[in-house]
Amino acid sequence: MADEELRAMIRDLHQTLDQKHVDRTAALLSRAKRALLQLNALIPTSSTPHPLISLAREILELGAITSIRQKDAPSFTRYYQQLQPFYDTERHLQAAFAEDAEINLKTSQRSKITGLYLLLLLSMGNNTEFHTVLEGLVVEASLKGHPVETDPYIKYPVELERSLMEGSYDKVWRETKSERVPSEDFGLFSSILVGTIRSEIADCSEKAYPSLPVSNAKNLLFLDSEGAVVEFAKERGWTLKDGRVYFPSQQDQEEQNTPQKTGKEITLTTGSVIENTIGYARDLETIV
């Protein structure tokens, strides 16, 4: 009877998530987790019935997805950590009992949850944990006889990380466009990652340039419009004057009519981050 009640809760959770009723989903999750607590199923043990393990795992996965849609990264991280014993237990049961294991791996969203966690780590700059998780996935995939990138949910953060290491921020920006992410739930952490990159480029720009035309800054920072540049400049404490963005450290010098650097001089003084991004913008013929 308890299993049937949990299945009914899971159906309701899926329905409210599909309808994007996040608050209702959160309320249902509270009920579902209380039910799991009463069944001693929030942590799998050797005495936990196999079907209950899969049901509990599915509820926690829906909790993780709900956290994403609530834009609550700490809550998502807690769900991810809570799910690991369930994933380990299900893999063990599958290896030990094969088809006799009463688990339902068809409902598992492990790949998606793990891919989202990798993307979160990437957006936070936590490269150590990123590679620790990835190494485990690589070993597991190799034992199954295929590369880890065959999973689209894992491939996405792996390729983003590779582009970041190359300094190819233009590739990162293109890959994080909504039509290229594996699912809409990846959009939140993708946006955070782009914001992190934008801040890094802004830091480098302040050191490399006295000022930039607003149109150049738009392309350099991967912003959608010159109006977005104005808003971003206000957040950074930059000054806008005569169609240019003036960076704080160089503003006084610029106002004293210090000669502008030529495009060639700017390129020579630019760090690798700026060079990669400027190169991309030139390819688009947007920097003049």
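Reply: Gladly! Let us start with exposure: a residue is exposed when its relative accessible area is over 50%, buried when that area is under 20%, and partly exposed in between. Please keep in mind that this is a predicted model.

Me: Then why does Glu-184 count as exposed?

Reply: Its relative accessibility is 54%, and the label needs a value over 50%, so Glu-184 counts as exposed.

Me: What makes Arg-69 partly exposed?

Reply: Arg-69 has a relative accessibility of 27%. That value falls between the cut-offs of 20% and 50%, so Arg-69 counts as partly exposed.

Me: Why is the contact between Glu-184 and Arg-69 called a salt bridge?

Reply: The term asks for a side-chain nitrogen of Lys or Arg within 4 Å of a carboxyl oxygen of Asp or Glu. Here the closest N and O atoms are 3.9 Å apart, so the pair qualifies under that cut-off. Glu-184 sits in the loop between α8 (169-175) and α9 (187-208), while Arg-69 belongs to helix α3, so this bridge links distant parts of the chain, 115 residues apart.

Me: What makes Asp-88 and Arg-91 a salt bridge, and where do they lie?

Reply: Their closest N and O atoms are 2.6 Å apart, and the limit is 4 Å. Both residues lie in helix α4 (residues 73-97), 3 residues apart, or about one turn of the helix. Asp-88 is partly exposed at 39%, and Arg-91 is partly exposed at 31%.

Me: How do you know that Lys-234 and Glu-231 are separated by about one helical turn?

Reply: They are 3 residues apart in helix α11 (residues 226-236), and that spacing is about one helical turn. For exposure, Lys-234 has 58% relative accessibility and counts as exposed, whereas Glu-231, with 45%, is partly exposed. Elsewhere, salt bridges that share partners join Lys-20, Arg-69, Lys-112, Glu-184 and Asp-185 into one network. A search of the whole structure finds 17 salt bridges.

Me: What makes one side of α1 the buried side?

Reply: Leu-6, Met-9, Ile-10, Leu-13, Thr-16 and Leu-17 are buried in α1. They cover an arc of only 130° around the axis, which puts them on the same side of the helix. These buried residues pack against α2 (22-38) and α3 (50-69). The face turned away from them carries the exposed residues Arg-11 and Asp-18.

Me: Why is Thr-114 called buried?

Reply: At 5% relative accessibility, Thr-114 is under the 20% cut-off, so it counts as buried. Thr-114 lies in helix α5 (residues 110-124). Leaving aside neighbours within four places in sequence, Thr-114 is in contact with Tyr-80, Val-133, Leu-137 and Ile-154.

Me: Which residues touch the most other members of the largest nonpolar core?

Reply: Of its 73 residues, Leu-6, Ile-59, Phe-76, Ile-113, Leu-193, Leu-221 and Trp-238 touch the most other members. Helix α3 gives the most to this core, with 10 residues. At least three residues come from each of domain 1 (1-99) and domain 2 (108-184). Not counting residues up to four places away in sequence, Trp-238 touches several residues, including Leu-221, Phe-232 and Phe-247.

Me: And for the whole chain, how many helices and strands are there, and how much is buried?

Reply: The secondary structure comes to 14 helices and 3 strands. Buried residues make up 43% of the 288 residues in the chain.

Key. Residues numbered from 1 in each chain as written. Predicted model: local features only at pLDDT ≥ 70, side-chain atom pairs only at ≥ 80, totals over all residues. Heavy atoms only, no water. Buried < 20%, exposed > 50% of the residue type's maximum accessible area, 1.4 Å probe, protein only. Helix = DSSP H or I, 4+ residues; strand = E, 2+ residues; numbered from the N terminus. Arc of directions from axis to C-beta. Contact = heavy atoms within 4.5 Å. Core = buried A, V, L, I, M, F, W, Y, C linked by side-chain atoms within 4.5 Å. Domains from an automatic or database assignment.
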